Amino acid sequence: MRIVILDGYTLNPGDLDWEGFRALGELIVYDRTATEDIVSRCKGAGAVLTNKTPLDRSTLSRLPELEYIGVLATGHNIVDSRYALEKGITVTNVPGYGTDSVVQLTFALLMELCLHVQHHSDAVHEGRWSRSPDFCFWELPLTELSGKTMGIIGYGTIGKKVGKVATAFGMKVLATGKEGGTSLDELLRQSDVVSIHCPLTPETRGLVNSARLRMMRPSSLLLNTSRGPIIVEKDLADALEEGVISGAGLDVLSIEPPCADNPLLRAPRCIITPHIAWATREARGRLLDIAVGNLASFINGKPVNRVER
């Protein structure tokens, strides 16, 4: 089987290896693939693996030999999986590989918003502590999490782990989703911190908008380590400018890399990291191992981690 990886660099910039895939067939790895090159690079491939390179209906219709698509991520919205299923193409994803890493970055963003660690470190290196008349000083408010309420939008595997860590900090946890018992509006009204962990679907696109942001408390914080389009970015930027909420910590944006005119790049009290919650070496290693196992299981006639819609 000819196996093509369309955008392997973010998963493996050189610190992992592709030997597991090479053992399964003829492997071709591209660091990145432009939209206009997708079809030509996939021609003749029985299996194609993609992280963020889109495989839409038009593209898939021109790949008659394709049998298998492996998404090198948990989210699979970059593949028209319904059309793939109609064409008899098996689609798989990689669930669960990055839970601990995503939870870790979620709280890194929260800690920075609560304690302003980088700001105060910079102040020390710039000599402001040395010039202080006191043994300690701080320039921005410091916030304790114990006793606060964490609202979790999407109470799946990651959301539950975020809740567990929040509880360890002494926080009360509210959650929406299939296993969460709180309505979204009530969660927004009651929470000191709102953390998004739901998938991007037609129902969740634009879920956090101006009206919902105004349900939140002026002192509350918003975190998103899920998918950028769940938040209406202009609405969030306006909310931060107007003091509707206190701050935001984001690892994802609607367009990645962001356009220079993205309003959140200039919004106050907004921390943005470049979609790195998934990218620890440990998490990427697990992802690669699971992806190899997915393809091996498909070849053996027993596919696992299938995307069914």
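## First stop: His275

Select His275, which is buried, with a relative accessible area of 19%. Buried means under 20% relative accessible area, exposed means over 50%, and partly exposed lies in between, with a 1.4 Å probe and protein chains only. His275 lies in the loop between strand 11 and helix 11 (281-299). Helices (H or I, at least four residues) and strands (E, at least two) are DSSP runs, numbered from the N terminus. The phi angle of His275 is near 50°, a positive value in a residue other than glycine.

Before continuing, note that this is a predicted model, in which local features need pLDDT of at least 70 and side-chain atom pairs count only at pLDDT 80 or more, while totals for chains, interfaces and linings use all residues. Residues are numbered from 1 along each chain as its sequence is written, and side-chain values use heavy atoms, with hydrogens and water left out.

## The whole chain

Now display the entire protein chain. It has eleven helices and eleven strands. Its radius of gyration is 22 Å, close to the 19 Å that the globule rule gives for 309 residues, so the chain is as compact as a globular protein of that length. The radius of gyration is taken over C-alpha atoms, and the globule rule is 2.2 Å times the number of residues to the power 0.38. Along the principal axes, the C-alpha atoms fill a box of roughly 70 × 45 × 40 Å.

Of the 309 residues, 47% count as buried. Among contacts with a separation of 6 or more, 62% join residues 24 or more positions apart; contact means heavy atoms within 4.5 Å.

## The largest nonpolar core

Which residues touch the most other members of the largest nonpolar core? Select Leu222, Leu236 and Leu264: of the 28 residues in this core, these three touch the most other members. Helix 8 (184-190), strand 8 (193-196), helix 10 (233-242) and strand 10 (247-250) each supply at least two residues of the core. The largest share, four residues, comes from helix 10. A nonpolar core is a set of buried Ala, Val, Leu, Ile, Met, Phe, Trp, Tyr and Cys residues joined through side-chain atoms within 4.5 Å. In soluble globular proteins, nonpolar side chains tend to be buried together.

Centre the view on Leu236. Leaving aside its neighbours within four places in sequence, Leu236 is in contact with Leu213, Leu222, Ile231, Ile245, Ala248, Leu250 and Leu264.

## Along helix 5

Next, select Thr99, which lies in helix 5 (residues 99-115). Thr99 is buried, with a relative accessible area of 11%. Apart from its neighbours within four places in sequence, Thr99 is in contact with Thr157, Ile158 and Lys161.

Move to Cys114, which is also placed in helix 5. Is Cys114 buried or exposed? Cys114 is buried, with a relative accessible area of 2%. When neighbours within four places in sequence are set aside, its contacts are Pro141, Leu142, Thr143, Leu145 and Leu221. The C-alpha atoms of Cys114 and Leu145 are separated by 8.1 Å, although the two residues are 31 residues apart along the chain.

Then select His116, found in the loop between helix 5 and helix 6 (117-125). His116 is buried, with a relative accessible area of 18%. Its phi is near 55°, a positive value in a residue other than glycine.

## Two further loops

Select Leu207, in the loop between strand 8 and helix 9 (210-213). Leu207 is buried, with a relative accessible area of 13%. Beyond its neighbours within four places in sequence, Leu207 is in contact with Ile153, Leu184, Arg212 and Ile230.

Continue to Pro257, in the loop between strand 10 and strand 11 (270-272). What is the peptide bond from Glu256 to Pro257, cis or trans? The bond is cis, with omega near -5°.

## Last stop: Glu19

Finally, select Glu19, in helix 1 (residues 19-22). Glu19 is partly exposed, with a relative accessible area of 47%. To end the tour, draw a distance between the C-alpha atoms of Glu19 and Asn77: the two residues are 58 residues apart along the chain, and these atoms are separated by 27 Å.
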